[in-house]
Amino acid sequence: MSRLVRKMKQQIIIPWRDIDCIYRKRHFDFLFDYYSEEFDVILADNDGDFNRSAARNSGVRQSESEIAVVIDADNYIPYKQIYDAIRAAGRKDILVKPFYRFGYLTEESTELFYNLQDLSGAIDFEPTFIQQPEANFTGGAYVMKKELWLKLGGMDEGFVGWGAEDDAFHLLCKNSKIPVRYVDGYDYHLYHPAHRVTSAFNYNKLITEYVNGNKSSRI
């Protein structure tokens with residue numbers, strides 16, 4: 001007798017804590033629904049003061065998917081780019097960014113984004129400010145084998161809050177000879193007032209270890 005086996009949905013991890021910002025909450029509500037249509041979503045948090053590294057690491061440990069997909073709660077990425085990144089990450093021990101251009105939307109263009117009737121294709125306006133991630137360690141989203149993430153030790157939880165761990169993780173991959181690859185397309189960062197929370201002392205002290213090549217994983 002044949003038996004139908006239902007394949008489990010790919011899980012994605014969204015680090016999230018409500019910090020009483022109406023912009024961020026609006027984006028979170030929208031993107032949670034958007035990603036939940038296609039994936040099983042793990043909302044990741046940590047004990048004590050919010051630490052995005054710890055939240056991301058916690059989410060990866062919880063995930064039952066072979067490929068860890070981590071996306072921030074204010075980043076819109078088309079499904080196709082995510083699936084392309086998952087396939088690429090499954091083939092080799094690499095870090096895949098599911099975008100090649102990181103576009104910061106203004107408050108006005110974010111409203112245009114919300115008014116779009118169809119998000120299945122390319123968005124028909126250019127972000128005001130664009131970063132090419134290989135030049136500056138842009139964060140936003142990460143796709144990597146779960147096993148590899150854990151072998152690397154995950155993101156450095158010594159960084160306070162958020163805003164520095166992205167730099168460190170890219171340098172950790174570089175120091176550990178883990179290539180970084182990119183999927184063609186945009187990651188759209190939805191507008192919210194700046195609220196960067198990180199300790200300058202921690203950043204300067206810790207990031208120097210990565211820049212000097214002292215932080216790596218022998219895998």
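What percentage of the 219 residues in the protein chain do buried residues make up? Buried residues account for 52% of them. Keep in mind as we go that this is a predicted model. Its secondary structure comes to 7 helices and 10 strands.

Let's go inside. The largest nonpolar core has 33 residues, and those with the most contacts inside it are Tyr35, Val69, Ile71, Ile82, Val96 and Val143. Several elements give two or more residues to this core, among them the helices α1 (22-36), α3 (79-91) and α4 (107-115) and the strands β3 (67-71) and β8 (141-145). The largest share, 6 residues, comes from α3. Take Ile82 as a guide to its surroundings: leaving out residues up to four places away in sequence, Ile82 touches Tyr35, Phe39, Val69, Ile71, Ile77 and Pro98. There is also a second, separate core of 28 residues, which includes Val70, Met144, Trp149 and Ile178.

β3 and β8 pair in the antiparallel sense over 5 bridges. Within this pairing, Ile71 stands opposite Ala141 in β8. Is β8 mostly covered or mostly open? It is mostly covered, since 4 of its 5 residues are buried.

Now find Gln10, in the segment before β1 (11-15). Gln10 has a relative accessible area of 16%, which is under the 20% cut-off, so it counts as buried. What does the side chain of Gln10 reach? It reaches the backbone oxygen of Ile67, at 2.8 Å. Beyond residues up to four places away in sequence, Gln10 touches Phe39, Asp40, Ser65, Ile67, Val69 and Ile86.

Next comes helix α1, where you will find Phe28. With a relative accessible area of 10%, Phe28 is buried. Setting aside neighbours within four places in sequence, Phe28 is in contact with Trp16, Leu43 and Ala73. The C-alpha atoms of Phe28 and Asp18 are separated by 9.2 Å, and these two residues are 10 residues apart along the chain.

Aromatic rings deserve a stop of their own. A pair of aromatic rings is described by the distance of the centres and the angle of the planes. The count here comes to 20 aromatic pairs. In one of them, the rings of Phe30 and Phe113 have their centres 5.6 Å apart and their planes at 80°, so this pair is edge-to-face. Phe30 lies in helix α1 and Phe113 in helix α4, so the pair ties together parts that are 83 residues apart in sequence. Phe30 is partly exposed, at 25% relative accessibility, whereas Phe113 is buried, at 1%.

How are Tyr34 and Tyr79 arranged as an aromatic pair? They are stacked, with 4.5 Å centre to centre and 10° between the planes. Because Tyr34 lies in helix α1 and Tyr79 in helix α3, this pair ties together parts that are 45 residues apart in sequence. Tyr34 is buried, with a relative accessible area of 9%. Ring pairs link residues into a cluster that includes Phe30, Tyr34, Tyr79 and Phe113, along with others such as Tyr186 and Tyr188.

Arg26 lies over the face of Tyr114, at 3.8 Å from the ring centre. The charged end of Lys97 sits over the ring of Tyr142, 3.6 Å from its centre.

Let's finish with two residues in loops. Most residues other than glycine have a negative phi. Asp20, in the loop between β1 and α1, has a positive phi near 60°. Lys177, found in the loop between α6 (165-175) and β9 (180-182), has a positive phi of about 60° although it is not a glycine. Are these residues buried or exposed? Asp20 is exposed, with a relative accessible area of 76%, and Lys177 counts as exposed at 69%.

Technical notes: Residues numbered from 1 in each chain as written. Predicted model: local features only at pLDDT ≥ 70, side-chain atom pairs only at ≥ 80, totals over all residues. Heavy atoms only, no water. Buried < 20%, exposed > 50% of the residue type's maximum accessible area, 1.4 Å probe, protein only. Polar contact = N/O pair within 3.5 Å; in protein donor to acceptor, adjacent residues only side chain to side chain. Contact = heavy atoms within 4.5 Å. Core = buried A, V, L, I, M, F, W, Y, C linked by side-chain atoms within 4.5 Å. Phe/Tyr/Trp six-rings, centres within 6.5 Å; stacked < 30°, edge-to-face > 60°. Lys NZ or Arg CZ within 6 Å of the ring centre and 35° of its normal. Pairing = 2+ DSSP bridges.
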